[in-house]
Amino acid sequence: MMDDIHAPTVSSGPVAGGYTNGVPKEQLSLQELIAEKDRVEAELKALGQVLDSHGVNMNTGLTTFDGFPRSDIDVPQKTVRTTRARIIRLKNDYKDLISRIEKGLHEHHARLAEQAQNNPMAASQAQAGQSTPPAALEAPFAKVNSVISGSPADEAGLKVGDNITKFGWVDWTNHERLGRVAEAVSQNEGIPITVKALRPSNSGSPAETVQMQLTPRGNWGGRGLLGCHLLPL
């Protein structure tokens, strides 16, 4: 029924409290954290589609200027507010998961480096047996082809030639020819999205990792919500 529109489409799981199946996130392995990240991404996508299906987003006003419920929104305000609150909690959980995953990856590499110094043969065998995809989380999937001056992308610091490795919860494993980037943009109008990219160096040195907050908005004076063009890699 309309009173609980997200129940049939969104998988359950109390992430907001910081637990997965009763296990604190501090005790989860790196692989479990990555699996939980994927689950949160799926729920965020489902919740965003719920809002989209009813013609609202995170910033849509639910009342008229004089305080009455809008007649053109055929969904209970309580449902919209509940769904929005869940999205906000999940986004906070997602940031925490990403932070823990990045910390776990650093520790993983540090252990491999220490093993390589102490026992090169054993370290090589251990690394060969690992299925953890640390580099995969940072693999670029899109290249910035153009950025319009004064656009949200320009103000965030995005540059032509940047290779996008993360766009909110979108990465190389799930971008679907950039289709999910478009979903993330439409679902987060007016809300900052964390974007990570590899920025090529003109001096021939290794590419620099940059991170920025990009806020999609439609009132910047140009077409689209970003003001940039991305090409899939």
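1. Threonine 165 counts as buried, because its relative accessibility is 1% (buried means under 20% relative accessible area with a 1.4 Å probe, protein chains only). Threonine 165 sits in strand β4, residues 163-167 (strands are DSSP E runs of at least two residues, helices H or I runs of at least four, numbered from the N terminus). Its C-alpha atom is separated by 9.3 Å from that of threonine 209, 44 residues apart along the chain.

2. The model is predicted: local features need pLDDT of at least 70, side-chain atom pairs count only at pLDDT 80 or more, and totals for chains, interfaces and linings use all residues. Residues are numbered from 1 along each chain as its sequence is written, and side-chain values use heavy atoms, without hydrogens and water.

3. The whole structure has one cavity of 30 Å³ or more (a cavity is a set of points on a 1 Å grid over the protein atoms alone where a 1.4 Å probe fits but cannot get out; lining residues have an atom within 4 Å of a point). The largest cavity holds about 50 Å³, the space filled by probe spheres set on the points.

4. The lining of the largest cavity includes Leu44, Met58, Lys91 and Trp169. α1 gives the largest share, three residues. By class, the lining has five nonpolar, three polar and one charged residues (Ala, Val, Leu, Ile, Met, Phe, Trp, Tyr, Cys and Pro are nonpolar; Asp, Glu, Lys and Arg charged; the others, Gly among them, polar).

Methods: 1 Å grid on protein atoms, 1.4 Å probe; cavity = no way out; pocket = protein on both sides within 12 Å on 5 of 7 lines; lining within 4 Å. Buried < 20%, exposed > 50% of the residue type's maximum accessible area, 1.4 Å probe, protein only.
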